[in-house]
Amino acid sequence: MANYLVIVESPAKVKTIKKFLGANYEVDASGGHVRDLPKSQLGFDAEHDYEPKYITIRGKGDVLAKLRKEVKKADKIYLATDPDREGEAISWHLMKALKLDELKSKDVYRISFNEITKNAVKASFKTPRELDMNLVNAQQTRRMLDRMVGYRISPLLWAKVKRGLSAGRVQSVALRMICDREDEINAFIPEEYWNLEADLLLKGNKKPLVAKYYGNRDSKGGKAVIRNKEELDQILSQLEGCKYEVEEVKRGERVKKAPIPFTTSTLQQEASKVLNFSTQKTMRLAQQLYEGVEVKGKGTLGLITYLRTDSTRIADEADTAARSFVKEHYGEKYVAQGSQVKKEGVKIQDAHEAIRPTDITLTPTIVKESLQRDLFRLYQLIWKRFTASRMAPAVYETTSVKIGAGSHLFTTSASKLDFEGFMSVYVEADDEEEKNQVLGNLEKGTVLKLEQLDPSQHFTQPPAHYTEASLVKALEEQGIGRPSTYAPTITTIIARRYVVKESKNLYVTELGDVVNRIMKNSFPSIVDPNFTANMESLLDKVADGTVAWKTVVSNFYPDLDEAVKTAEKELESVKIADEVSDVV
């Protein structure tokens, strides 16, 4: 009987996958990467074509020894690491560390699956392939670029500022974005403005309707801004004794589209807003849901698809199943007619789908007692979002009214939910509560009685501090980092005490400000968002096979090397005390 060896990354997956395969399959885990660049040195030779030097990671000797024994017993070996660049690279490192590429008598295949379900795992064995060296090289390039920045600039910060500091290719840009926002907030000068509301009573009603001041009927260009008390007083004097009469009533409907399924970025943002999870916590819990959890009566199941993705695509099979589920549980009119597709800005790694439940019939109610509280809350969020994405839009009846008072206009509006559609399952965190003001039977010519005018003074607000959610959104919008990098980037800048988190907001520390200024002055390209976004697109081209990876590395390193040497001379006078103080 033939023996097959399947090597996955995480020990947590072994149990889940093992039960899908027969007794002649051995499933074992590498525990992530088995080889890396050495910690004690840069790890590549700039004089000899930037060839990286990989060594076995400390502690992985026993893992490799066990895998070698299993390789000897196996007739076929399947490398089943994660379905992304990192997973491809881990498979390649396993190939090298176990010398699988030197085996003449055994077949070695790469397989991947986007979800750990029986169908997906079994299907992957029907379509084995060779390693995709373009993906491997894209990962190698990212690793080497990150190593270059980290190992060349961090010692400089240690020597010139304080031990224990670090610079990073993506973390330094994220720090700069937070510092730039802080500068905007500090430089902000508030401007005064006034709102004016009229409480108006319709005959026979006890509760007044509230109308907002719109402007002088002769003025053009939209809603007027009342800039100061003088302008307000002038308007109030002109309104004295005026009759308030409805001049226009518009009735219509507004369609609110269903949301698109989660990507890594949108899941992190929504989990932060709704569940108050850090990006790191969201990824840790999502990893558990993907790898497999024990569900009562069903054994160990992978509950969601792969968690690192920037695609909103959904497999046809999952789409059909979701629409059938909606039709059965909510009714035909609740099923979406088309499908929501995200307008793509930056290049999308579309090797796998959006994040969705692996089986839509495993509703939150069914799995609730099997999951810890936070795991359940995250699963419920993913399940609801995906289910809603396959549902019909919500429809509101809308009414907007213009009310004349002398030479001035006021407006009021209301909307009533006519068909809840997807909102019967899911409402996004940012959705404002709809106005439930009742406008009754207002018609053109209806005269309203003024109860009171209610002016209120306001001042324009500075930009908001970044939160983890809004920083992830900004990084994604600017094409900085990828799904796998958002959480570790934020975790690192907080761990280094460059940034502190208070009530969800991220604030730059004095230390963070010092490091950012050094980086901006000495390494402007490293902290330039456009430069970093361009580097991401180059990595995508390496993954496509359109750019050679050593070209990217060899173009980047000499400029960095020169900048470091210059900074070593020019930064000699910069010192900072252990208790962080101003630069002297």
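This is a short tour of a predicted model, stop by stop. Local features need pLDDT of at least 70, side-chain atom pairs count only at pLDDT 80 or more, and totals for chains, interfaces and linings use all residues. Residues are numbered from 1 along each chain as its sequence is written, and side-chain values use heavy atoms, with hydrogens and water left out.

Select residues 373-389. This is helix 12, with 17 residues. Helices are DSSP runs of H or I, at least four residues, and strands are runs of E, at least two, numbered from the N terminus. Of the 17 residues, 14 are buried, so helix 12 is largely enclosed by the rest of the structure. (Buried means under 20% relative accessible area, exposed over 50%, partly exposed in between, with a 1.4 Å probe and protein chains only.)

Show Asp374 and Arg377. Their side chains meet in a salt bridge (3.1 Å, N to O). A salt bridge is a side-chain nitrogen of Lys or Arg within 4 Å of a carboxyl oxygen of Asp or Glu. Both Asp374 and Arg377 are buried.

Select Arg152 and Asp561. They form a salt bridge, with the closest N and O atoms 2.5 Å apart. Arg152 lies in helix 5 and Asp561 in helix 17, so the pair ties together parts 409 residues apart in sequence.

**Stop four: a hairpin.** Select residues 499-502, strand 17, then 505-508, strand 18. The two strands form a hairpin with two residues between them. They pair in the antiparallel sense over four bridges. (Pairing needs at least two DSSP bridges between the strands.) Leu506 and Val508 are on the covered face of strand 18.

Key: The expected span of a helix is 1.5 Å times one less than its number of residues.
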